[in-house]
Amino acid sequence: MSGQIPRVLWRCAPTGYATLRQLDAMGLRPGGQGVQIELFRPRYRRGPLIAYLYRVDLAKPKRPMTPAKRAALAKANAARRTCPDCRRDAGYVIPTSLGMCVPCAYPEDQHAS
């Protein structure tokens, strides 16, 4: 069994373990530890649901957001909102399926109303 992750059934997880979302809600991060337990929930006619659990006692506090990280994140989000055609901030994330803002993708619909 060496090298394998223990697998337990849904609702049978031992205490002291948490998912990434649960760790995040507690202000923690895995801190370099690998997946400790695989939570397995079989489903009828579909693939199983699998959740990965980490030990809470080995988790470390989340790193604080630095001003540089905050600025980089704001710049990246602004780039996702900027239309490559008209170079305006669309006010929403540009859909990758369109590749441009809705008015640029459908210019004929602007005069239909």
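**View 1. P95 in the predicted model.** P95 is partly exposed, with a relative accessible area of 26%, where buried means under 20%, exposed over 50% and partly exposed in between (1.4 Å probe, protein chains only). P95 lies in the loop between α2 (67-81) and α3 (102-105), helices (H or I, at least four residues) and strands (E, at least two) being DSSP runs numbered from the N terminus. The C-alpha atoms of P95 and R80 are separated by 8.9 Å, the two residues being 15 residues apart along the chain. This is a predicted model, in which local features need pLDDT of at least 70 and side-chain atom pairs count only at pLDDT 80 or more, whereas totals for chains, interfaces and linings use all residues. Residues are numbered from 1 along each chain as its sequence is written, and side-chain values use heavy atoms, with hydrogens and water left out.

**View 2. The salt bridge between R7 and E38.** R7 and E38 form a salt bridge whose closest N and O atoms are 2.8 Å apart, the term denoting a side-chain nitrogen of Lys or Arg within 4 Å of a carboxyl oxygen of Asp or Glu. Because R7 lies in strand β1 and E38 in strand β4, the pair ties together parts that are 31 residues apart in sequence. E38 is buried at 13% relative accessibility, whereas R7 is partly exposed at 48%.

View 3. R55 pairs with D57 in a salt bridge, with 2.8 Å between the closest N and O atoms; D57 is exposed at 57% relative accessibility. R81 meets D89 in a salt bridge at 3.3 Å, N to O.
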